[in-house]
Amino acid sequence: MKNLSLEHDKALSERCFGPSSGLALFMSALSNKKKLTGSLNTMQLHDYSNLYPWERTTADAENARYIFPDNDLITSLVAIYFETMNPILPILHRPTFVKNVADGLHLREENFAATLLFVLAVASRHSDDPRVLADPSSRLSAGWTFLEFIPIAKKVLLRPPCLNDIQQTVLSVMYTFGTSVPEFTWMVVGLGLRYAVEIGLHRKKPKGHKPTVDDELKKRSFWALVTLDRLLSLYEGRPIMMQEEDFDVELPVECDDEYWDIRSDGEVRFCQPGNKPSKISYFNAQIRLSGIMSTVVRNLYSIKKSRDKLGLLDLARNDGHRIISDIDSSMNAWMNSIPDHLRWDQDRDNKLFLYQSAVLYSTYHMLQIYTHRPFLRPGSSLSTPSLVISTMAARSSSRILQVHLTRLKIITPHLLMVAFMSGTVLAMNIWSGKQAGHPPHAEDLAGYEQCLATFIHASDTWMIAGRSLVLQENIQGHGFFRDY
């Protein structure tokens, strides 16, 4: 019983159960018994609550023998990771992580060792060092060597998940999206969310709780999984696993890693200077945008629309005016809430904030396309305005992609999704103009070429970029657009 908890604040290393569980009913029965008899002399559950010897053999099996690259390569790849991927999915605390690597924790602790190898794999896509290649003749193999012997689910079947397990699912998504099976990322996100709920990360802490480093990192990892779940579900046309009503955890604290005051007892105090914009503001803005993304999936793309279930709207009869208006209003409110240091400015000197702004705004424009896409059909009263909005969003995204590739040259899954959706909309616009006898708009042609350039730039490292390039070339029709 000591390994089971109904209180999420006690579930840091235990399994958490909700109020509808059989455990909750059982605990209620025990409470009533204590009130009536004054004792809790329950039956012995020892034989049925502990691992059996054959299960314990697996749980206590010898640690995996991971092979690490040279220390100079580890140092280089860790630095690359924190410059490229952690700014948009901040699941690791840089000072703590770097210190653990320097202290050789990966040589003693299996879970941390696996996390480090995932970090090395993700960073390898952004490294020119030939030592990261599993196949020296192909940059598509970058990072594979580090993940070759790491199973995704390991021993979590026999023990509660830990922070490293959850971080590894996020890192796995970052890497797997660039492989030949990007659709697998959706399954890994689901696994990560199940891990998180298993130990109560979806619940807010009780009043008076003193936060620790692990608390904040678990919170960040949970939110990273939530945003990835929504993004990948929308992109792959699949249901979202967790809805807003399923969790009440607070947003991450907007305090940069270097301003964490970590006490000797593990408590952490967040001391972000008042005059210094936080890098985590981007993450919270992305989380809020993903909330609108969830609304779009549920109301416009679900099989049994939540609006029909609630009697809110008949999309087929009313053409969706009300729901589109509500979503557009939410997106406008979100746009107005963006802090100044993240507002789009292609000439911004701070490259980190430029990077975050590019990902944020391009995701926003992609969501605009998804919102209006169901109405891009003949006979819809929203067809014309939806086409205009989608086209403008695709053009804006292509301009962001141009700045991003010129000044930053960092490819992320977000940007590849944006390039594909924007390129497809621009291609549709060009083809519809051709059918109507009109020459294509110069901005559409330039934007489409920019989307192709994004795929070309990424195709030697990200398999999905090469696949997207081939698909877009088929839409294009053997260089048709370039004939203008």
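Leu-73 counts as buried, at 1% relative accessibility; buried here means under 20% relative accessible area, exposed means over 50%, and partly exposed is anything in between, using a 1.4 Å probe and protein chains only. This leucine sits in helix 4, which covers residues 71–84. Helices are DSSP runs of H or I with at least four residues, strands are runs of E with at least two, and both are numbered from the N terminus. Leaving aside neighbours within four places in sequence, Leu-73 is in contact with Asp-129, Arg-131, Val-132 and Phe-146, where contact means heavy atoms within 4.5 Å. Take Val-132: it lies 59 residues from Leu-73 along the chain, yet the two C-alpha atoms are separated by 8.6 Å.

The model is predicted, so local features need a pLDDT of at least 70 and side-chain atom pairs count only at pLDDT 80 or more, while totals for chains, interfaces and linings use all residues. Residues are numbered from 1 along each chain as its sequence is written, and side-chain values use heavy atoms, with hydrogens and water left out.

Now for the whole protein. It has 19 helices and four strands, and 50% of its 484 residues count as buried. Of the contacts between residues at least 6 apart in sequence, 71% join residues at least 24 apart. The protein exposes about 23,200 Å², and carbon and sulfur atoms supply 56% of that; accessible areas come from the Shrake-Rupley method with a 1.4 Å probe, and for residues only the protein chains shown count as cover.

Next come the helix pairs. The axes of helix 11 (residues 280–301) and helix 15 (residues 351–372) come within 11 Å and cross at roughly 10°. Axes are lines fitted to C-alpha atoms, for helices over the stretch in contact, and angles run from 0 to 180 degrees between N-to-C directions. Helix 11 and helix 15 are therefore roughly parallel to each other; that label goes to angles under 35 degrees, with over 145 being roughly antiparallel, 65 to 115 roughly perpendicular and the rest oblique. On the helix 11 side, the contact is made by Tyr-282, Ala-285, Gln-286, Leu-289, Ile-292, Met-293, Val-296, Leu-300 and Tyr-301. Helix 15 brings Gln-356, Val-359, Leu-360, Thr-363, Tyr-364, Leu-367, Tyr-370 and Thr-371. By class, this contact of helix 11 with helix 15 has 13 nonpolar, four polar and no charged residues. Here Ala, Val, Leu, Ile, Met, Phe, Trp, Tyr, Cys and Pro count as nonpolar, Asp, Glu, Lys and Arg as charged, and the others, Gly among them, as polar.

Helix 16 (residues 383–408) and helix 18 (residues 442–458) pack at an angle of about 45°, with their axes 9 Å apart. That makes helix 16 oblique to helix 18. Their crossing is left-handed, meaning that the near helix is turned anticlockwise from the far one by less than a right angle (clockwise would be right-handed). Among the residues that meet here are Arg-395, Arg-399 and Leu-405 of helix 16 and Glu-443, Asp-444 and His-457 of helix 18. The residues of this contact of helix 16 with helix 18 divide into four nonpolar, seven polar and four charged.

Lys-409 is exposed, with a relative accessible area of 51%, and has a positive phi of about 60° although it is not a glycine. Most residues other than glycine have a negative phi.

Helix 17 itself spans residues 413–435 and holds Val-418, which counts as buried at 0% relative accessibility. Not counting residues up to four places away in sequence, Val-418 touches Ser-362, Thr-363, Met-366 and Ser-397. Ser-397 is 21 residues away from Val-418 in sequence and 7.1 Å away in space, C-alpha to C-alpha.

Helix 17 also pairs with helix 10 (residues 213–236): their axes come within 12 Å and cross at roughly 25°. Helix 10 and helix 17 are therefore roughly parallel to each other, and their crossing is left-handed. Leu-231, Leu-232 and Tyr-235 in helix 10 meet His-414, Met-417 and Phe-420 in helix 17. That contact of helix 10 with helix 17 has five nonpolar residues, one polar and no charged.

Leu-232 turns up again among the contacts of Thr-185, along with Val-173, Thr-176, Phe-177 and Glu-236, not counting residues up to four places away in sequence. Thr-185 is found in helix 9 (residues 184–198) and is buried, with a relative accessible area of 0%.
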